[in-house]
Amino acid sequence: MKKRQEKAANLRFKSKIPEKQARLIGFIIVLPVFFFLFYKIFAYVDRNTVSAQQFVDLQQGKIPHAGFRRAHAKGSCITGVFESNGALSTYTSATVLQTGTHPFVGRFSISGNDPSAPDLQSPVRSLALSMSDSGNSQNSEWRMAMNTPPVMPVATPEAFYAQLTAMAPDPETKQANPQRIQQFFKDHPETSAFLDWKQSYVPSNSFAAETYHSINAFYLLNKEGDKRAFRWRLEPSSAEQFPELDTAKPDALQAQLIEILSTGDIRFNFLVTLAEATDDENNPTILWPPERTSISAGQIVIQRHAEQGMCQDRNFDPLVLPQGVEPSADPILRARSAAYAESFRRRASDVLFEGGR
């Protein structure tokens with residue numbers, strides 16, 4: 001009898017809390033637990049190496065811009081389709097690489113942590129895509145994070161962290177230290193391919209005129225279990241002349257992108273390079289020989305410019321792969337994935353607790 005009375009009292013107590021308020025209380029209770037678990041799973045590159053927190057701390061600087069990505073903070077969202085020609089169907093079971101038209105959400109961006117930085121000041125431009133097959137099938141999503149350099153300067157997370165440290169502004173002068181940067185590259189001869197690219201690279205006059213590289217290698221896996229290492233790049237499909245840049249505008253590239261898409265599509269050829277047995281797919285500092293087999297897998301067709309919110313919640317983690325594509329053992333690839341997750345965690349935390357956007 002006493003238990004029944006206690007139960008009735010509990011029910012009367014619960015009934016005084018409105019349903020919406022109860023849900024909110026439950027959300028508040030569960031949310032810290034969620035972020036703690038997310039933090040524990042993704043917040044490090046490896047227990048024996050540099051952590052993702054350290055990477056993102058360097059990338060975001062002393063004063064983070066709340067609600068924005070800690071790297072590549074400034075960008076423009078886009079939508080479109082991948083017109084796959086099925087040329088890779090014998091190499092992979094990935095449905096997004098079978099013949100068909102597959103939708104994506106993407107983002108052009110520049111390097112750096114400042115969402116208001118001048119577009120033309122950045123030495124690196126990027127293109128990220130989140131693509132699924134036309135039926136949005138399970139395990140079909142492919143997230144790509146591509147950059148204009150074809151290689152990484154270094155091959156390990158530790159060396160990458162040392163590079164970011166060397167390039168960070170001096171605490172006293174607030175400027176980069178050229179001597180420190182030169183010494184870093186001198187101490188790391190594996191940076192030679194990157195430095196060769198950097199010396200010859202001339203930024204184009206448009207996001208639409210750049211070539212974007214996967215940098216890291218992955219594997220194509222077919223239904224028979226055969227595996228082949230590959231890299232890819234997106235090349236402009238034509239030598240089209242784009243509207244002239246207004247170099248006085250801080251948003252010159254973004255403004256031009258909107259103008260181009262107001263009158264038509266932007267197309268890139270999706271080109272895949274297959275590795276040979278002598279190629280090291282786990283070292284992103286080494287370019288594969290130009291005579292390697294190259295296959296055109298179709299075209300990326302960018303159709304519309306979208307508001308920032310369209311891709312604000314997208315984490316373009318390069319380890320989100322469709323069935324039929326697998327990651328190599330490249331340690332830089334894991335470091336990128338972990339840093340993306342940490343940046344996303346902080347951005348989401350800003351929005352929830354600090355009113356960021």
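# Briefing on a predicted model

Strand S1, which spans residues 75–84, has 9 of its 10 residues buried, so it is largely enclosed by the rest of the structure. The model described here is a predicted one.

**Strand S1 and its partners**

- Strand S1 pairs with strand S2 (residues 100–110) in the antiparallel sense, over 10 bridges, and within this pairing Val-81 has Pro-103 of S2 as its bridge partner.
- Strand S1 also runs antiparallel to strand S9 (residues 294–306), to which it is joined by 8 bridges, and here the bridge partner of Val-81 is Val-301.

**Helix H7 and what covers it**

- Helix H7 (residues 252–261) is mostly covered, with 7 of its 10 residues buried, namely Ala-252, Leu-253, Gln-254, Gln-256, Leu-257, Ile-260 and Leu-261.
- The cover over the buried residues of H7 includes strands S1 and S2, strand S3 (125–131), strand S8 (266–274) and strand S9.

**Nonpolar cores**

- In soluble globular proteins, nonpolar side chains tend to be buried together.
- The largest nonpolar core in this model holds 43 residues, and of these Trp-142 and Phe-270 touch the most other members.
- Leaving aside residues up to four places away in sequence, the residues that Trp-142 touches include Val-96, Leu-97, Met-131, Phe-230, Trp-232, Phe-270 and Val-325.
- A second, separate core consists of 10 residues, among them Met-152, Phe-160, Ile-181 and Phe-184.

**Helices H4 and H5**

- Helix H4 (residues 157–167) packs with helix H5 (residues 178–187) at an angle of about 160°, and their axes lie 8 Å apart.
- Because of that angle, H4 is roughly antiparallel to H5.
- On the H4 side the contact is made by Ala-159, Ala-162, Gln-163, Thr-165, Ala-166 and Met-167, while H5 contributes Arg-180, Ile-181 and Phe-184.
- The residues of this contact between H4 and H5 divide into 6 nonpolar, 2 polar and 1 charged.

**Two loop residues with positive phi**

- Asn-139, found in the loop between S3 and strand S4 (142–147), has a positive phi of about 60° although it is not a glycine.
- With a relative accessibility of 49%, Asn-139 counts as partly exposed.
- Lys-174 is placed in the loop between H4 and H5, and its phi is near 65°, a positive value in a residue other than glycine.
- With a relative accessibility of 60%, Lys-174 counts as exposed.

Conventions
Residues are numbered from 1 along each chain as its sequence is written. This is a predicted model: local features need pLDDT of at least 70, side-chain atom pairs count only at pLDDT 80 or more; totals for chains, interfaces and linings use all residues. Side-chain values use heavy atoms; hydrogens and water are left out. Axes are lines fitted to C-alpha atoms, for helices over the stretch in contact, and angles run from 0 to 180 degrees between N-to-C directions. Helices (H or I, at least four residues) and strands (E, at least two) are DSSP runs, numbered from the N terminus. Angles under 35 degrees count as roughly parallel, over 145 as roughly antiparallel, 65 to 115 as roughly perpendicular and the rest as oblique. Contact means heavy atoms within 4.5 Å. Ala, Val, Leu, Ile, Met, Phe, Trp, Tyr, Cys and Pro count as nonpolar, Asp, Glu, Lys and Arg as charged, and the others, Gly among them, as polar. Buried means under 20% relative accessible area, exposed over 50%, partly exposed in between (1.4 Å probe, protein chains only). Two strands pair if DSSP finds at least two bridges between them. A nonpolar core is a set of buried Ala, Val, Leu, Ile, Met, Phe, Trp, Tyr and Cys residues joined through side-chain atoms within 4.5 Å.
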